[in-house]
Amino acid sequence: PAVSVSAVLPAGGSGQRLGGATPKQFCAVQGRPLVSYAVRALERISWISDIIVVVSPENIKTMKTIIEKYDHKRVMVVEGGITRHRSIFNGLKVFAEKEFSSHLLQKPEVVIIHDAVRPFVEEDILSKVVMAAKEHGAAGAIRPLVSTVIASSADGCLDHSLERDRYRASEMPQAFLFDTIYEAYQLCTDYDLDYGTECLHLALKYCKTNAKLIEGTADLWKVTYKRDLYAAESIIKENLSQEVCVITDAKETVAQVGFLLSESLKSQIKVEAVSISQSKNDSHLQNILSGQCYNFIYVNDKKCAIQETQQIVDILEKSDVPLLYPVVLILVHLDMSENNSFSIGMEELTSIKKSARETKRKNILVYGLLIQYK
C-alpha cells in the first residue's frame with residue numbers, strides 16, 4: 001500500500017483460559033514461542049515499518065530474549081498496562097509521546113492492531129484492512145458466527161437469541177488511521193480502558209468513525225485454549241508439507257532420476273520439478289525458491305556439491321521463505337562410478353558438516369543422501 005504502516009501487537013495476556021503457568025503467547029509450538037510466529041508473519045511484510053510488541057512488565061526480558069534468539073527485526077518491546085486497551089494505548093504512545101519512549105518512532109499514517117496469539121495472518125488480509133482504514137478511518141476483519149448467541153434471564157432461563165445471519169464475529173487484524181485511534185484512546189474513559197475490548201467501538205464512539213468490515217479467512221482464529229495449541233501445531237506441519245521442489249541439473253542421468261522421484265511423489269504431495277543450468281541467474285529457480293515452498297530436493301552427481309548447494313542456500317536466504325518456518329533442503333548425491341566402493345575424505349566431511357551448521361542458523365536445514373546409481 002502507498003501509505004506508511006506500523007503495527008501494535010498486544011501480548012500481555014495472562015492466558016488464564018489456557019490453564020498452566022506459561023501465558024499462551026509464550027507457549028512453544030514446534031519449538032518456537034507462539035508470539036514469534038505472529039511477529040514473523042508481520043515482519044516478513046516489507047511495507048510494515050515498525051512492530052511494537054506490548055507485554056506485561058514481568059515478561060519484558062522473555063520477549064527481548066525471543067527477539068534476539070529468532071533474530072526479529074524492526075521490533076520494539078513496550079511495557080503493557082493492566083488491561084488490553086491500556087496496553088494498546090501504551091503501544092501507540094511510542095509514536096506520539098516523547099516521555100514514553102527514549103527515541104520516538106516515525107508516526108505512521110495507518111496502524112495495524114493484531115493479536116500476538118493469531119499466528120497465521122497473511123499479507124492479503126493485512127493489505128485489505130490497511131487500504132480500507134486509509135479510506136474509511138478504521139477497518140477490521142470479521143468472520144461468520146459459528147454458534148448462535150443467546151441471552152439468559154435472571155433466573156437462568158433462555159430470554160432470547162440473536163439471528164445469527166445478521167451478526168458477525170469481530171476478529172483481528174484491525175487497522176486505523178493513526179490520528180483517529182490515538183485520539184479515541186485519549187478521549188475514552190477509564191471504564192473503557194478497564195473493561196472494553198473492541199478497538200473499532202472506540203473509534204466509532206469517540207471519533208464518529210464507522211469501520212469498514214472485511215470478510216476474513218478461516219486462519220484468523222485465536223489461540224485461546226490448550227487444544228488450540230495442538231491445532232496450531234497441526235496447521236504449521238500441514239503448511240510445511242504441502243509442496244516439494246525437485247531440482248536437478250541438465251545432465252541426462254541426473255534429470256532422469258529427478259523425473260522418477262517427482263513421479264513417485266506426485267500421489268502424496270504437490271511436486272514442482274525444475275532443471276537448472278547451475279547459473280546464479282536462473283530466474284525460474286529464483287522464482288520457485290522465493291515462493292511459499294518449504295521443501296527442496298537437489299539431485300546431483302557430485303560427491304559434495306558444496307558450491308552448488310551454497311548457490312541454492314544464498315537464494316533461499318535472500319527470499320523471505322526461511323523467516324517464518326524452517327526450510328528443508330535434501331541433497332541427493334548420485335554415485336555413478338563403476339567400482340562399488342565410495343569414499344569421502346575427512347576434510348570433505350568436515351566441510352559439509354560445518355556448512356550445514358552455518359546454514360541451520362539461517363533456518364535452513366540441510367540433509368545429505370548418497371545413492372549408488374547404476
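Arg-86 is partly exposed in this predicted model, with a relative accessible area of 23%. Asp-190 forms a salt bridge with Arg-86, with the closest N and O atoms 3.4 Å apart. That pair links distant parts of the chain, as Arg-86 lies in helix α3, residues 84-93, and Asp-190 in helix α6, residues 190-195, 104 residues apart. Asp-194 also forms a salt bridge with Arg-86, and here the closest N and O atoms are 2.8 Å apart. Asp-194, in helix α6, is 108 residues from Arg-86, and is itself partly exposed at 29%.

Helix α6 has a further link, to helix α7. Asp-192 forms a salt bridge with Lys-205, the closest N and O atoms being 3.4 Å apart. Because Asp-192 lies in α6 and Lys-205 in α7, the pair ties together parts 13 residues apart in sequence. Asp-192 counts as buried at 9% relative accessibility, while Lys-205 counts as partly exposed at 40%.

I turn next to the packing of helix α7. Its axis and that of helix α5, residues 178-187, come within 9 Å and cross at roughly 80°; the two helices are therefore roughly perpendicular to each other. By class, their contact has 9 nonpolar, 1 polar and 1 charged residues. Among the residues that meet are Ile-181 and Tyr-185 in α5, and Leu-202 and Tyr-206 in α7.

Across the model, the count comes to 13 salt bridges. Arg-84, Asp-115, Arg-118 and Glu-171 are linked in a network of them.

Which charged residue is buried yet has no salt bridge? It is Glu-243, in strand β12. The nearest side chain of opposite charge, Lys-270, is 4.0 Å away.

Note on methods: Residues numbered from 1 in each chain as written. Predicted model: local features only at pLDDT ≥ 70, side-chain atom pairs only at ≥ 80, totals over all residues. Heavy atoms only, no water. Axes fitted to C-alpha atoms, helices over the stretch in contact; angles between N-to-C directions. Helix = DSSP H or I, 4+ residues; strand = E, 2+ residues; numbered from the N terminus. Parallel < 35°, antiparallel > 145°, perpendicular 65-115°, else oblique. Contact = heavy atoms within 4.5 Å. Nonpolar A, V, L, I, M, F, W, Y, C, P; charged D, E, K, R; others polar. Buried < 20%, exposed > 50% of the residue type's maximum accessible area, 1.4 Å probe, protein only. Lys, Arg positive; Asp, Glu negative; His and termini not counted.
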